[in-house]
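Please read the points with the structure open.

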Amino acid sequence: MSDDVAARTRWLVQDRFGLFIHWGIYASAARHEWVKSREKLTDEQYQRYFDHFDPDLYDPAEWAETAWAAGMRYVVVTTKHHDGFCLWDSALTDYKVTNTPYGRDLLGPLVSAFRERGFRIGFYHSLLDWHHPEFPVDLYHPQRDDADFIAAHAGRDVAKYADQLHGQVRELLTNFGRIDVLWFDFSYPGRGFNAKGRDEWRSEQLLAMVRELQPDIIVNNRLDLGAGDLLTPEQVQPAAAVTTAGAPGVPWEACQTLNGSWGYDRDNLDWKPTDLLLRMLIDGVAKGGNLLLNVGPTARGEFEPRAVERLAGIGEWLRRHERSIRGAGPSGFTAPPDCRYTQVGNRLYVHLFAWPMRHLRLPGLAGRVEYAQLLHDASEVRPLALDDAEPGHEYLGAPDGTLTLQLPVQRPDVAVPVIELFLTEQ
């Protein structure tokens, strides 16, 4: 990792937990943000969502408060998704929120509210645009199987589309103050019919403009130009730290949904429980990564109750356990099964995904811990001195160098118990 990347991403690695927001007129369809492509809708069929989009309950300050209470410290919001609809009053298209029944900019108030609450600000911007008249039909386009449509639009010029792409990115990085993250999505060269990548987006030129306008901005890895400043595994929980050849140490961020859909999906019931979401956050930090957790607001502009409930649950856990996550990272010690280690300086945090029967054995830590406590209530956890074992009790299977902690039988009433170990200086 270069010094420039390290400097740009220092705050990101410290914060560890961010909010992703996918919002647009697809919220009116309420069946996934890719509904136009999945159902192969024409522009005319999709127009009804534009004509009826009126998020009258939109309150970005409430969103910001909910996310802050959840422990999130940066936000990334979709300025434009693949359908081409813009959340701001772009001068380069009529396909924007100011021309819907709502009639007002959505992005500016969100930036102001989140910035005022203390968030770093990130913009997601799709490199695709299924609405633009010069975007050539490809393997993801809604009309990909319509031979007549493809023939009638064979003369589309991707260079003209790229001019608008660059122009809109310039607007976003000029009109909203300092932007901390630019999250492009996505490149797919070589995947099939009319697949697109760096040549179509003119990615090198685009990135140069971004760096000129906002030198300290973090740019992700989806411009087809290598690792960028941030690797972005999507909808997977990595088995180990995420790396890319030629870019060791580049920060990574798992982007995850609450229920499998990014946009509001009314009938999707695959909601992850709060304790699973917490284990995902902990697991990522233990491997050196961040979690960017998505909420898809409704077409009236609200976070739905199932999302609010889970964010509140995460926030309640983080209220007591924040120091095991914020500013934390991987440890050089090897955690036992069903545990994850994070570490900050001389404090090692043991996250217990499963509660053991009485004894927790920590290899390699004998003589390395001066004090141990449960983090949620700062109650002492005592080490077990095997010489003091009760007569007739045997403690087998602990190799030399193992620290054994004696735990209460009753599991603490928190989603994931954490033991804070104060390490000795060696």
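**Note on side-chain contacts**

1. The charged end of Lys 196 is placed over the ring of Phe 135, at 4.5 Å from the ring centre; a charge sits over a ring if NZ of Lys or CZ of Arg is within 6 Å of the ring centre and within 35 degrees of the ring normal. The charged end of Arg 104 likewise sits over a ring, that of Tyr 102, 4.1 Å from its centre.

2. On the basis of these values: this is a predicted model, in which local features need pLDDT of at least 70 and side-chain atom pairs count only at pLDDT 80 or more, while totals for chains, interfaces and linings use all residues. Residues are numbered from 1 along each chain as its sequence is written, and side-chain values use heavy atoms, with hydrogens and water left out.

3. Lys 196 also forms a salt bridge with Asp 138, at 2.7 Å from N to O; the term denotes a side-chain nitrogen of Lys or Arg within 4 Å of a carboxyl oxygen of Asp or Glu. Lys 196 belongs to the loop between strand E4 (181-185) and helix H9 (198-201) and Asp 138 to the loop between E3 and H7, so the pair ties together parts 58 residues apart in sequence. Helices (H or I, at least four residues) and strands (E, at least two) are DSSP runs, numbered from the N terminus. Lys 196 is buried, at 2% relative accessible area, and Asp 138 is buried at 0%; buried means under 20%, exposed over 50% and partly exposed in between (1.4 Å probe, protein chains only).

4. How many salt bridges does a search of the whole structure find? The search finds 27. One of them joins Arg 31 and Glu 39, whose closest N and O atoms are 2.6 Å apart. Arg 31 is partly exposed at 30% relative accessibility, as is Glu 39 at 38%. Arg 266 and Asp 267 meet in a salt bridge of 3.1 Å, N to O; Arg 266 is partly exposed at 48%, whereas Asp 267 is exposed at 54%. Arg 8, Arg 211 and Asp 229 are linked in a network of salt bridges.

5. Rings of Phe, Tyr and Trp (its six-membered ring) pair if their centres lie within 6.5 Å; planes under 30 degrees apart count as stacked, over 60 as edge-to-face and the rest as tilted. By this rule there are 28 aromatic pairs. Trp 34 and Trp 130 have ring centres 5.3 Å apart and planes at 75 degrees, so this pair is edge-to-face. The pair links distant parts of the chain, 96 residues apart: Trp 34 is in the loop between helix H2 (26-29) and helix H3 (35-38), and Trp 130 in the loop between strand E3 (120-126) and helix H7 (147-152). Trp 34 is buried at 18% relative accessible area, and Trp 130 is buried at 2%.

6. Phe 85 and Tyr 95 form an edge-to-face pair, with 6.0 Å between centres and 90 degrees between planes. Phe 85 is buried at 2% and Tyr 95 at 5%.

7. Leu 281, in helix H11 (residues 274-286), is buried at 2% relative accessibility. Leaving aside residues up to four places away in sequence, Leu 281 touches Arg 16, Phe 17, Leu 291, Leu 318 and Ile 325, where contact means heavy atoms within 4.5 Å. The C-alpha atoms of Leu 281 and Ile 325 are separated by 8.4 Å, although the residues are 44 apart along the chain.
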